[in-house]
Amino acid sequence: MTNNELLYAMSNMMDTKLRAELQPLKNEMQDMRSEMQSIKSEMQSIKSDLQGEMQSIKSGLQGEMQSIKSDLQGEMQSMKSGLQGEMQSMKSDLQGEMQSIKSELQGEMQSMKSELQGEMQSMKSELQDEMQSIESGLQKEIHQIKLCQENVILPRLDTIESCYTDTYRRYRDNADKLEAVFDDVDIMKKVVAEHSKKLQKMA
């Protein structure tokens with residue numbers, strides 16, 4: 001085996017071992033990314049739901065106001081054919097009722113708005129806490145990975161490199177001796193074969 005083939009074999013063995021040790025770390029990082037993506041999707045879903053509910057409430061209130069307005073206009077048109085005094089009195093009463101209804105609706109809308117804002121703020125705080133906790137955990141794990149690389153993986157790689165380098169040097173330094181040994185063995189084989197033939201003839 002040539003020097004290049006030895007180096008190529010050692011490089012393949014080092015790459016295989018390094019991939020095997022780093023694969024679990026890569027899998028953990030992938031799982032963390034999936035969890036972060038799931039949290040972002042849940043946040044987007046909550047935001048969409050809140051927007052839908054607020055739009056539904058607004059549409060319902062607008063519909064009710066439009067219905068009340070239409071009913072009042074119909075009643076006022078019917079009353080217009082009657083006595084002017086009664087119409088004026090009823091108009092005043094209706095204006096008072098409309099103002100009362102408007103005030104009540106505004107109070108209810110303000111109350112609902114405050115509740116929704118409180119809930120949204122609470123959810124925002126909880127999500128921020130969760131995100132902070134996840135970020136802190138990721139930073140700790142990344143720090144542990146760096147420590148593992150510095151204290152475990154890199155020293156092992158240095159040891160493996162030193163071992164393969166020493167082995168390569170021994171093979172390189174003794175290559176000439178090995179060729180001489182092979183030559184001596186060939187000579188011994190020939191001598192043994194000749195002696196064997198002579199012994200057979202003598203027998």
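I started with the fold and counted 3 helices and 0 strands in the protein chain. From the N terminus on, the order reads α-α-α. For the record, helices (H or I, at least four residues) and strands (E, at least two) are DSSP runs, numbered from the N terminus.

Housekeeping next. This is a predicted model, where local features need pLDDT of at least 70, side-chain atom pairs count only at pLDDT 80 or more, and totals for chains, interfaces and linings use all residues. Residues are numbered from 1 along each chain as its sequence is written, and side-chain values use heavy atoms, with hydrogens and water left out.

I checked confidence, using pLDDT (the predictor's confidence in each residue, from 0 to 100). The chain's mean is 81, and 88% of its residues reach 70 or more. Among the elements, helix H1 (residues 3–80) has the lowest mean, 77, while helix H2 (residues 84–173) has the highest, 85.

Then I looked at burial: buried is under 20% relative accessible area, exposed is over 50%, and partly exposed lies in between (1.4 Å probe, protein chains only). Of the 203 residues, 9% are buried. The chain exposes about 16,600 Å², with carbon and sulfur atoms supplying 54% of that. These areas come from the Shrake-Rupley method with a 1.4 Å probe; for residues, only the protein chains shown count as cover.

I went through contacts, meaning heavy atoms within 4.5 Å. Of those with a separation of 6 or more, 78% join residues 24 or more positions apart.

I picked Gln149, which sits in helix H2. Gln149 is partly exposed because its relative accessible area is 34%. Setting aside neighbours within four places in sequence, I found Gln149 in contact with Leu154 and Pro155. I also noted Leu22, 127 residues away along the chain, with its C-alpha atom 9.4 Å from that of Gln149.

On cysteines, I found 0 disulfides (cysteine sulfur pairs within 2.5 Å). Cys148 is at 27% relative accessibility, so it counts as partly exposed. Cys163, at 45%, is partly exposed too.

Last stop, the surface: Val181, Phe182 and Val185 make a nonpolar patch with about 260 Å² of accessible area together. Val181 belongs to helix H3 (residues 175–202) and is partly exposed at 44% relative accessibility.

Methods: Patch = residues over 30% accessible without salt bridge, like charges linked within 9 Å, V, L, I, M, F, W, Y side chains within 5 Å. Salt bridge = Lys/Arg side-chain N within 4 Å of Asp/Glu carboxyl O.
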